[in-house]
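Have the sequence and the coordinates open as you read.

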Amino acid sequence: MKKLFYIIFFYLLLTPFISSSIIESENIIIDSNMTFEESIKGTKAPKSIIDNLMLLDVMYYSTDKKLHKGQIVISKSVEKDISSIFEIAIKEKFIIEKCIPIVKYNWSDNKSMANNNTSSFNYRKVSGSKNLSKHSYGLAIDINPKYNPVVYKNGRISPKGATYDINKNGTLSKKSAIIDAFKKLGWKWGGEFRSFKDYHHFQKISNK
Ligand SMILES: [Zn+2]
């Protein structure tokens with residue numbers, strides 16, 4: 001009888017915790033739930049690069065103002081940097097619409113950008129050049145490309161139909177805490193490129 005009493009007592013004591021943790025996990029919307037193998041499937045990157053990559057789970061507030069879980073393929077060397085950037089985004093309530101490994105877009109940068117997807121690793125050349133992009137090593141990240149497009153000197157904007165409105169949540173501008181944080185960690189922001197503005201792009205240039 002005494003044993004039963006204890007069982008009931010502890011059950012009642014723990015119930016609120018059990019149910020609240022279930023509610024919490026139910027409220028998180030899963031945007032991506034791949035294995036590492038799935039996240040790099042079909043890439044043309046050599047093994048020496050793949051061995052330095054990892055798949056990181058990240059959380060963010062999306063356009064529905066709800067907490068989402070996504071994933072990003074990055075270089076193992078920048079795990080701390082990228083984790084801290086996503087933490088700052090949550091603290092600042094800075095919207096990241098979605099973050100899904102680019103394999104979901106058949107490795108098409110254009111399709112991923114048009115879908116406002118945030119991503120890092122993609123084994124590819126710099127647009128319009130023969131050099132490998134820092135994305136090839138998971139050392140560059142593009143954030144909300146549709147809110148933060150590339151703006152060329154002649155006024156052309158990529159992705160098509162995008163607008164750059166610094167008052168829209170999810171848009172990067174000089175005032176953004178994320179940009180400061182990236183710079184302190186040794187990253188360069190494409191919004192400060194001279195030849196054209198690549199507002200969604202950050203790349204690691206030095207170890208800090
Ligand atoms: Zn980029």
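## A loop residue to start with

Asparagine 116 sits in the loop between H5 and S5; helices (H or I, at least four residues) and strands (E, at least two) are DSSP runs, numbered from the N terminus. With a relative accessible area of 2%, asparagine 116 is buried, where buried means under 20% relative accessible area, exposed over 50%, and partly exposed in between (1.4 Å probe, protein chains only). Its phi is positive, near 60 degrees, and the residue is not a glycine.

A word on ground rules: this is a predicted model, local features need pLDDT of at least 70, side-chain atom pairs count only at pLDDT 80 or more, and totals for chains, interfaces and linings use all residues. Residues are numbered from 1 along each chain as its sequence is written, and side-chain values use heavy atoms, with hydrogens and water left out.

## The overall picture

The protein has six helices and eleven strands. Of its 208 residues, 45% are buried.

Contact here means heavy atoms within 4.5 Å. Take the contacts between residues at least 6 apart in sequence: 53% of them join residues at least 24 apart.

## The zinc site

Which residues hold the zinc ion? His135 (NE2), Asp142 (OD) and His201 (ND1) coordinate the zinc ion, at 2.0 to 2.1 Å. Donors are N, O and S atoms within 2.8 Å of the metal (3.2 Å for Na, K and Ca), and water is not among the atoms, so sites may look incomplete. Along the sequence, the donor residues follow the spacing H-x6-D-x58-H.

Histidine 135 is buried, at 2% relative accessibility, and aspartate 142 is buried too, at 3%.

Two residues in the loop between S5 and S6 are worth a look: serine 119 and asparagine 122. Serine 119 counts as buried at 5% relative accessibility.

Beyond its neighbours within four places in sequence, asparagine 122 contacts Ile102, Trp107, Asp109, His135 and Ser136. Tryptophan 107 lies in the loop between strand S4 (98-99) and helix H5 (109-114) and counts as buried at 19% relative accessibility. Tryptophan 107 also has a positive phi of about 65 degrees, although it is not a glycine.

Helix H4 (residues 79-91) has 13 residues and should span 18 Å at 1.5 Å a residue; its end C-alpha atoms are 19 Å apart, which agrees. The expected span is 1.5 Å times one less than the number of residues. In H4, the buried residues are Asp81, Ile82, Ile85, Phe86 and Ala89. Down the axis of H4 they fall within an arc of 130 degrees, so they line one face of the helix; the arc is that of the directions from the helix axis to the C-beta atoms. The face turned away from that buried side carries the exposed residues Lys80, Glu87 and Lys91.

Helix H6 (residues 177-184) buries Ile178, Ile179, Ala181 and Phe182. Those residues fall within an arc of 165 degrees seen down the axis of H6, so they too line one face of the helix. They pack against H4, strand S6 (140-142), strand S9 (187-189) and strand S11 (201-204). After H6 comes glycine 186, with a positive phi near 90 degrees.

## Strands and a cis proline

Strands S2 (residues 53-61) and S3 (residues 67-75) run antiparallel and are joined by nine bridges; two strands pair if DSSP finds at least two bridges between them. Valine 58 has glycine 70 in S3 as its bridge partner. Five residues separate the strands in this hairpin, and among them lysine 65 takes a positive phi near 65 degrees.

An open antiparallel sheet has three strands in the order S8-S7-S10, with S8 (157-158) and S10 (197-198) at the edges, each pairing on one side only. The peptide bond from serine 158 to proline 159 is cis, with omega near 0 degrees.
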